[in-house]
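This briefing covers charged side-chain pairs and nonpolar packing in one protein model. Please read it alongside the sequence and coordinates.

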Amino acid sequence: MATMTMIEAIRSALREEMARDERVVALGQDIGQLGGVFRATDGLLKEFGADRVFDMPLAEAVIAGSALGLAVSGLVPVAEIQFLGFTHQAFHQIAPQIARYRYRSQGRYNAQVTIRTPFGGGVRTPELHSDALEAQFVQAPGLKVVMPSNPYDAKGMLLEAIRDPDPVLFCEPLRGYRLVKGEVPEGDYTVPFGQSRVTREGGDVTLVAWSAAVQLAERSAARLAEEGIEATVLDLRTLVPLDVEGLVSAVEATGRCVVVHEAPLTAGFGAEVVATLQEEAFYSLEAPVARVASPDTPYPIASIEDYYIPSVERVVDAVRRTVSAK
């Protein structure tokens, strides 16, 4: 297997699927000649031509709405929105239109649309570029929400997303694009949705995370091990569908849980994880489930974002309190 960064794995998935299925087309701002703002589509215009790779104007609603039109006409569009924070401009097209297409047609038609978009902090982007808005889209019935944390999953889950007959919001961690590397098969494979994975096993507490927060949880678990606290790290992989069975099993094994995510605390997806555990694993819990998230404020200027994003120190502190709770 080849070692790839996440952005290389994503580009590999796009290239292989466009070669396999001539119905697959790519659209978005600057994805053609430029190869995408992060070069995820670099080389695709030259390889597949302007009929299958086309630039769109700086108008996110137009990109999303065009993707739906292409899907209705029988193509398989993969749209790129340059940052998840910009999807507010396209929310009406994504949630009430694309996500509801099967429902509104009473099951007669589907919308095979994938929307790729990076999110998250740690790379010193300007305002509106780093917002973690995943919880807003979780409340759009009909839309799958996918959050890979590593190159293997990024390729396998993107192939799964493109082949899914229904719409998928594919969120890519900005700071993981080039910092996170891993082995990726060169051939065809998919990672099914709704299957979480345990990346580290420990008997004292379970850390639940997704996307870039998984690496944070793993670094925190390594720090905790130096103190004699062994943590399981669970990567949810997909928020919709949520692997309830895997989540409950991982938490029941330790009886204690800390949820880690980059979005603001209030009504973040961590709240849904806590509610699910309260309903499904309450009698196995030995302490209240804790959350480590960003504060309920707008994303700050670049010079102070390290104080905003959850840190190893905050996760370790939350775990200490959870493990010591009686």
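The model is predicted: local features need pLDDT of at least 70 and side-chain atom pairs count only at pLDDT 80 or more, while totals for chains, interfaces and linings use all residues. Residues are numbered from 1 along each chain as its sequence is written, and side-chain values use heavy atoms, with hydrogens and water left out.

**Salt bridges**

- A search of the whole structure finds 20 salt bridges (a side-chain nitrogen of Lys or Arg within 4 Å of a carboxyl oxygen of Asp or Glu).
- Arg116 pairs with Glu80, with 2.8 Å between the closest N and O atoms. Arg116 is in strand β5 (residues 114-119) and Glu80 in strand β4 (residues 76-80), so the bridge ties together parts 36 residues apart in sequence. Helices (H or I, at least four residues) and strands (E, at least two) are DSSP runs, numbered from the N terminus.
- Arg116 counts as buried at 3% relative accessibility, and Glu80 counts as buried at 5%. Buried means under 20% relative accessible area, exposed over 50%, and partly exposed in between (1.4 Å probe, protein chains only).
- Arg163 and Asp188 form a salt bridge at 2.5 Å, N to O. Arg163 belongs to helix α7 (residues 151-163) and Asp188 to the loop between β8 (181-184) and β9 (197-200), so parts 25 residues apart in sequence are tied together. Arg163 is partly exposed at 26% relative accessibility, whereas Asp188 is exposed at 52%.
- Glu313 and Arg223 form a salt bridge at 3.5 Å, N to O. Glu313 sits in helix α12 (residues 312-324) and Arg223 in helix α9 (residues 213-225), so this pair ties together parts 90 residues apart in sequence. Both are partly exposed, Glu313 at 48% relative accessibility and Arg223 at 33%.
- Through shared partners, salt bridges join Glu17, Arg20, Arg163 and Asp188 into one network.

**Nonpolar cores**

- The largest nonpolar core has 83 residues; such a core is a set of buried Ala, Val, Leu, Ile, Met, Phe, Trp, Tyr and Cys residues joined through side-chain atoms within 4.5 Å.
- Ile115, Val208, Trp210, Leu236, Leu247, Val273 and Leu277 touch the most other members of this core. Helix α1 (residues 6-20) gives the most to this core, with seven residues.
- Neighbours within four places in sequence aside, Ile115 is in contact (heavy atoms within 4.5 Å) with Ala79, Ile81, Ile94, Ile98, Val168, Leu169 and Phe170.
- A second, separate core of 21 residues includes Val205, Leu207, Ala221 and Leu224.
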